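Let's walk through this structure together, one region at a time. Please keep the sequence and the 3D view side by side as you read.

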Amino acid sequence: MVISGKKINWKKFLSALAVTAGLNTLIAIFLTYLGHGKGFFINFIFSQSIGLSICAWVLAGHAFFPALSPLSTLLVTGITMCVGTIAGSFLGSRLAGITLSAFLQGEPIPLAQLVVLGLLFGSIITYFFFSREKMARADALVQEERIKRLSIEKESLETRLRLLQAQVEPHFLFNSLSNILSLLDTDVGNGKEMLTDLIRYLRASLSRTREKTTTLGQEMELVRAYMNIYKVRMGDRLRYRVEMPNHLQDRPFPPMLIQPLVENAIKHGLEPKIEGGEIAVLVQDEKDLLRLAVCDTGVGLDEKSVAGIGLANIRERIQTLFDGQGRFILEENSPSGLKAILEVPNERNQGPPRG
Amino acid sequence: MKEIKALLADDEEQLRKYLKAKLAEVWPDLVICGEARNGRDALDLIAKHHPEIAFLDIRMPGLTGMEVARKIAGACRVVFITAYDEYAVEAFEKGAVDYLLKPVSRERLEKTVKRLQEQIAAQSKPPSEISEKIERLLAGLADRKGMAYLRWIRVQHKDGVRLIPVEEVYYFQAKDKYTTVVTKGSEELIRKTIKEIAGELDPDQFWQIHRGTIVNARCIAQVGRSLTGRGVVRLKDRSETLTVSHRYMHVFKQM
């Protein structure tokens with residue numbers, strides 16, 4: 001930013017001078033062609049002196065007096081152009097070793113004419129650089145707009161993915177409600193407990209869609225409520241455990257990343273298996289990363305299993321949420337089932353201090 | 001009058017209990033001859049007890065309720081039970097197969113029971129076209145699942161077998177008898193020939209461009225020609241280029 005910038009950008013300053021020098025040469029050739037002055041050499045010296053002087057004065061003027069309004073810009077340009085013309089003319093006459101009037105071939109009011117010529121010339125230069133500047137600024141604006149749009153797109157993508165993830169599956173909801181209905185006839189205590197878990201799960205699912213972060217502790221509570229519901233439904237076909245170091249309770253974490261993995265493990269791993277199995281949710285605090293694993297002993301994935309929509313969703317979210325710093329790995333569990341592993345940067349400083 | 005037997009099949013114990021209790025209220029004379037907690041048990045119990053009616057949950061481990069119905073092929077009357085399955089319910093409404101939605105309401109169950117009692121009293125045989133209907137339903141459901149293409153690549157890793165979704169694969173490259181699987185940031189060797197893989201992949205998504213190369217169409221950034229006139233594929237996010245052999249140039253000429 002040569003013009004209107006507070007700091008002088010020397011590279012641009014020099015490139016402006018170089019362009020001007022080229023223009024000056026053309027003017028000198030043109031003047032010589034018209035038969036004006038005392039040959040190309042003298043014309044060259046004069047046009048370079050005047051042109052470069054105008055350019056330097058205009059640029060310097062704008063560098064030291066930032067453009068506050070169109071009027072002040074015009075004023076600065078006009079004054080610096082006049083000064084530049086006069087200074088350049090005298091410089092030219094000194095360098096060429098001839099008087100100004102000799103160069104101007106005895107015109108009556110040489111200085112006034114020179115100033116007019118200078119103004120014209122200066123206006124062209126100023127216009128040229130201003131439009132270049134304007135174009136650069138427009139480019140920067142477009143770039144800025146694009147970045148803004150991309151970040152908005154990223155944001156809306158994340159929102160959309162989160163909403164998708166947080167959708168309560170109707171099959172799950174109606175089956176759970178049927179179970180509660182039945183328990184209210186046979187085992188009221190258990191029915192109430194299951195209803196409490198369902199409420200906890202629904203509240204979390206519905207409010208999480210509006211939140212951007214929650215804590216690992218809250219996420220685990222949601223996961224436990226979810227697995228409790230399935231425990232009632234599946235009976236001895238489901239066993240589960242959650243292992244997480246206590247100090248991670250308040251660690252901020254994006255919502256709806258772990259629960260869908262558990263949902264996936266039950267739906268595609270354990271429910272289709274006649275004898276059922278176990279789910280282990282393990283959280284490990286490693287040096288630079290946080291590792292969360294949901295391991296099941298279910299039927300596993302066939303190479304052609306379509307069980308991928310929810311998982312692809314998680315993969316995409318991990319990418320956007322952690323800017324490519326997070327990983328989602330799917331492994332086969334032995335002797336059967338799957339291990340879904342999330343590895344995300346360990347941002348321990350972000351957590352609130354533990355008392 | 002001869003006693004009427006029914007079988008209940010649902011993988012969730014509470015739901016079997018609930019249906020049993022509701023049936024006892026609505027149809028006290030009905031004998032529940034067996035309760036199955038998966039599709040296979042249901043099939044065995046039907047073969048053993050020859051019930052007149054089978055209440056079958058659709059989503060069950062082992063065999064689904066519909067698969068059970070198809071296997072017994074009209075041996076007894078079937079009432080499907082489902083918590084929620086918009087497609088299936090829509091299909092049932094078109095066909096004359098009876099179904100119940102969970103949680104089963106008393107009014108709805110009474111209707112079903114009345115219909116069953118009438119049919120059995122009229123000594124009408126279970127409609128033979130029912131298996132056809134189920135066949136059609138299953139075919140419709142299977143259609144939605146689409147063709148069975150390869151969706152996961154099993155890769156041997158130091159801590160076990162890792163599963164990579166095919167969408168993440170940029171390209172497959174033959175390497176002797178094995179194949180290199182290249183993703184955005186990794187290269188893995190798998191024990192499958194490129195020919196085997198070519199046969200398993202969705203041809204719309206993965207294009208063979210060389211005897212030894214299959215590329216993911218979504219990962220192509222640009223297709224150009226080298227100085228010698230060969231096709232060259234440039235990839236997104238990866239620096240290497242892939243060569244298209246003359247034999248496979250037609251893949252791009254259609255575009």
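In strand β15 of chain B, Thr243(B) is the bridge partner of Val232(B). Strands here are DSSP runs of E with at least two residues, helices are runs of H or I with at least four, and both are numbered from the N terminus. Before going further, please note that this is a predicted model, in which local features need pLDDT of at least 70, side-chain atom pairs count only at pLDDT 80 or more, and totals for chains, interfaces and linings use all residues. Residues are numbered from 1 along each chain as its sequence is written, while chains are lettered from A and ligands numbered from 1 in the order in which they are written.

Strand β14 (residues 231–235) of chain B is joined to β15(B) by four bridges, and the two run antiparallel. Two strands count as paired if DSSP finds at least two bridges between them. Stepping back, you can see an open sheet of three strands in chain B, in the order β13-β14-β15, with antiparallel pairing. β13 (220–225) and β15 (241–244) of chain B each have a single partner strand and stand at the edges, so one side of each lacks a neighbour in the sheet. On average, neighbouring strands of this sheet are turned by 25° against each other, direction ignored.

Now turn to a pair of helices in chain B. Two packed helices are described by the angle between their axes and the distance between the axes. The axes of α2 (residues 39–49) and α3 (residues 65–72) of chain B come within 9 Å and cross at roughly 25°. Such axes are lines fitted to C-alpha atoms, for helices over the stretch in contact, with angles from 0 to 180 degrees between N-to-C directions. α2(B) and α3(B) are therefore roughly parallel to each other, a term for angles under 35 degrees. Where they meet, Gly39(B), Ala42(B), Leu43(B) and Ile46(B) of α2(B) contact Glu67(B), Val68(B), Lys71(B) and Ile72(B) of α3(B); contact requires C-beta atoms, placed from the backbone, to lie within 7 Å.

What does the contact between the chains take from each? It takes 30 residues from chain A and 28 residues from chain B. On the side of chain A that touches chain B, α6 (170–186) and β6 (327–332) of chain A are the elements giving two or more residues. The largest share of that side, twelve residues, comes from α6(A).

Finally, look at Gln284(A), which sits in strand β4 (residues 277–285) of chain A. The C-alpha atoms of Gln284(A) and Pro245(A) are separated by 7.2 Å, although the two are 39 residues apart along the chain.

Technical notes. Two residues are in contact if their C-beta atoms, placed from the backbone, lie within 7 Å. Angles under 35 degrees count as roughly parallel, over 145 as roughly antiparallel, 65 to 115 as roughly perpendicular and the rest as oblique.
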